[in-house]
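Hi everyone, thanks for coming. Let me put the structure up and walk you through it.

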Amino acid sequence: MTLSPLEKTGILIEALPYIRQFYGKTVVIKYGGHAMVNCELKKAVMQDAVLMHLVGMRPVIVHGGGPEITSMLGRLGKQSQFIQGQRVTDAETMEIVEMVLVGKINKEIVANIHRYGGKAIGLCGKDGHLIEARKQVAHIQKDGEEMDLDLGYVGQVERVNPGIIETVIAEGYIPVVAPIGVGPDGESYNINADLVAGELAVALQADKLVLLTDVEGILADRDDPASLISSLEVGRVPELIQQGVIAGGMIPKVNCCIRALEGGVKKTHIIDGRIPHSILLEVFTDTGVGTMVVPG
């Protein structure tokens with residue numbers, strides 16, 4: 001569809017108050033899902049981040065990479081085991097995870113940002129002790145008894161030290177963060193990227209946390225895309241979980257938003273990363289896309 005000059009002008013005018021509102025503000029973007037494997041969507045996300053940076057915003061990208069990790073493990077003859085959605089990660093697997101996330105995916109994102117006119121620096125939790133981590137244990141019930149299962153080098157965020165992020169931003173670069181944490185003895189931990197994005201948003205006191213997903217957002221009726229809940233108050237979450245409206249992989253994403261809001265982040269968004277330029281649509285338009293989770 002070709003827009004007339006007047007229509008293009010209208011789009012720019014609609015974006016103007018949002019550009020003014022978010023000038024100098026930090027937006028943490030969790031980049032994952034289909035947007036990481038589709039070439040056109042990859043391009044759109046990179047362009048969105050570059051545009052945000054050029055109009056004075058401070059985008060910070062945290063990326064996942066589960067499918068590529070699984071693919072690489074398969075090529076090396078290692079099968080992945082998951083417990084409660086977490087990949088069991090022995091020492092050899094952790095080396096491969098770090099290689100894929102930090103050495104491959106992270107640097108590809110940095111290169112693509114440069115390709116579309118921006119400047120970026122890739123980081124992981126080891127850089128400047130950005131993400132201090134501790135071992136995560138899975139709690140399960142078996143035969144009516146609670147058991148703890150060792151997940152290996154799967155971590156939880158203990159503390160975020162955002163100084164290196166602030167330095168990178170101050171020097172005019174977009175930080176791109178791989179979700180690898182560092183333990184007390186220098187060991188690496190694989191951490192859920194949503195959790196890293198949420199904790200980083202809190203540490204930076206970001207104005208927005210944006211989670212890219214492979215669904216429209218939170219639907220009141222999961223079979224009806226028209227039932228999208230565009231704004232969700234935190235107080236409604238327990239009821240919607242009980243009703244099954246929020247279920248499966250959406251529960252940790254919503255909990256991540258709640259944790260960020262409780263930590264001082266102004267607004268959180270769960271948006272459909274399958275829509276080209278969904279980040280710009282959420283940040284710079286009146287209607288937005290996806291679900292905004294807000295205090296209340």
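So, leaving aside neighbours within four places in sequence, which residues is Tyr31 in contact with? Contact here means heavy atoms within 4.5 Å. Among them are Met36, Lys42, Val45, Ile61, His63, Ile109 and Leu212.

Quick housekeeping. This is a predicted model, where local features need pLDDT of at least 70 and side-chain atom pairs count only at pLDDT 80 or more, while totals for chains, interfaces and linings use all residues. Residues are numbered from 1 along each chain as its sequence is written, and side-chain values use heavy atoms, with hydrogens and water left out.

Back to Tyr31, then. In the largest nonpolar core, which has 43 residues, Tyr31 is one of those touching the most other members, along with Met52, Leu101, Ile113, Ile279 and Phe284. By nonpolar core I mean buried Ala, Val, Leu, Ile, Met, Phe, Trp, Tyr and Cys residues joined through side-chain atoms within 4.5 Å; buried is under 20% relative accessible area, exposed is over 50%, and partly exposed is in between, using a 1.4 Å probe on protein chains only. Helix α4 gives this core its largest share, 10 residues. Helices are DSSP runs of H or I, at least four residues, numbered from the N terminus. There's also a second, separate core of 42 residues, including Leu130 and Val293.

Now look at Leu281, in helix α9, residues 278–284. Why does Leu281 count as partly exposed? Because its relative accessibility is 32%.

Terms used
Helices (H or I, at least four residues) and strands (E, at least two) are DSSP runs, numbered from the N terminus.
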